[in-house]
Every structure is written in structure tokens, then in C-alpha cells.
Amino acid sequence: MPQPERTTLTHLTESYTSTVIHQEWPMLARGKDSAAAWALFTDLREFINVRQPENGADQARYQSALDAVSQLGDARRERVNEAATAGVPALLWAALLVGALMTVGFVYLFEVGSLRVHARAGSAL
């Protein structure tokens, strides 16, 4: 891109990256996303979308920029959706706990004369 547009694009990209790293990632750990990061992504996407390439070389660079902003959007949506649905479902927790209790209880079904053999059997389970 020509110089004035390149500086703006660089600034938008750095602002978006900084906002995602410093603000949004900690929020994603709590299952939330950042409105500021969404706004910067929208600004970045609109900045790319309104450009009109002048020649063939510019057209190739423009297409590359469109592809990159599309991939950025896809990755962003996937990251936000994953954070919103992260965690272990309650049914899986129940199955894990029941399985653990059954495994530990299984050791007590067999009477073994030696404590050492009994401990090995429990460890093996």
C-alpha cells in the first residue's frame, strides 16, 4: 500500500494485536470477549474492504490482504466461540466420578493376603 495507507494499516494491526493479547485473552479465560477488539477488527476489515487497487500488482496484493483479513476473522470467531463453550460438561464429570469410584471400589472386591500385592493391584488399576 502507499505510504499514508500503510501507516494506518500498521497502526490498526498493532492496536488490534495489543488489545487481543492484553485485554481479550484474559477475558476469554472467563468466557467473555472484548468489544474493543471487535471494533478494531471491524475497522481493520473495513479499511481493507474499501480499497480499490489501481493495477494488476495492486490487485494481487489487495486479494492477499482480503484473504488475510478473512482468515483473521475466521480465527477470531473460532477463538471466541471456543472460549464461550470451553469446559467439561456436567454429564462427563458425572461419568468420570462414577468411573473413578468403580475403579477404586474394584480393588476391595478381591481379598488378597498380602498388603504389598493388594497395593500393587490398586496401583495397576
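This is a short walk through one protein model, from its overall build down to a few single residues.

First, the ground rules. The model is predicted, so local features need pLDDT of at least 70, side-chain atom pairs count only at pLDDT 80 or more, and totals for chains, interfaces and linings use all residues. Residues are numbered from 1 along each chain as its sequence is written, and side-chain values use heavy atoms, with hydrogens and water left out.

Let's start with the fold. The protein has five helices and zero strands. Read from the N terminus, the order is α-α-α-α-α. Its radius of gyration is 27 Å, well over the 14 Å that the globule rule gives for 125 residues, so the protein is more spread out than a compact globule. Two terms there. The radius of gyration is taken over C-alpha atoms, and the globule rule is 2.2 Å times the number of residues to the power 0.38. Helices (H or I, at least four residues) and strands (E, at least two) are DSSP runs, numbered from the N terminus.

Now the box. Along the principal axes, the C-alpha atoms fill roughly 85 × 30 × 25 Å. G122 sits in helix α5, residues 115–124. G122 is partly exposed, at 29% relative accessible area.

What share of the 125 residues is buried? Buried residues make up 18%. Here, buried means under 20% relative accessible area, exposed means over 50%, and partly exposed is in between, with a 1.4 Å probe and protein chains only. The accessible surface comes to about 9,100 Å², and 62% of that belongs to carbon and sulfur atoms. Those areas come from the Shrake-Rupley method with a 1.4 Å probe; for residues, only the protein chains shown count as cover.

Contacts next. A contact means heavy atoms within 4.5 Å. Take the contacts with a separation of 6 or more: residues 24 or more positions apart account for 58% of them.

F41 belongs to helix α2. Its relative accessible area is 2%, so F41 counts as buried. Beyond neighbours within four places in sequence, F41 is in contact with Y16, V69, L72, G73 and R76. Look at L72: its C-alpha atom is 8.6 Å from that of F41, and the two are 31 residues apart along the chain.

T19 is in helix α1. T19 is buried too, at 11%. With neighbours within four places set aside, T19 is in contact with E24, S34, A36, A37 and L40.

R51 is in the loop between α2 (35–49) and α3. Its relative accessible area is 19%, and R51 is buried. Not counting residues up to four places away in sequence, R51 touches M1, E5 and Y62.

On to charge. There are 11 positive and 13 negative side chains, and the centres of the two sets lie 9 Å apart. Lys and Arg count as positive, Asp and Glu as negative; His and the chain ends are not counted. Each charge is placed at NZ of Lys, CZ of Arg, CG of Asp or CD of Glu.

How many salt bridges does the structure hold? Five. A salt bridge is a side-chain nitrogen of Lys or Arg within 4 Å of a carboxyl oxygen of Asp or Glu.

One joins R76 and E24, at 2.6 Å, N to O. R76 lies in helix α3 (residues 56–84) and E24 in helix α1 (residues 3–28), so the pair ties together parts that are 52 residues apart in sequence. Are R76 and E24 buried or exposed? Both are buried.

Another links D74 and R77, at 2.8 Å, N to O. D74 and R77 are three residues apart in helix α3, so about one helical turn separates them. D74 is partly exposed at 41%, and R77 is partly exposed at 37%.

The last one I'll show pairs E46 with R45, at 3.8 Å, N to O. E46 is partly exposed at 38%, and R45 is partly exposed at 29%.

That's the tour.
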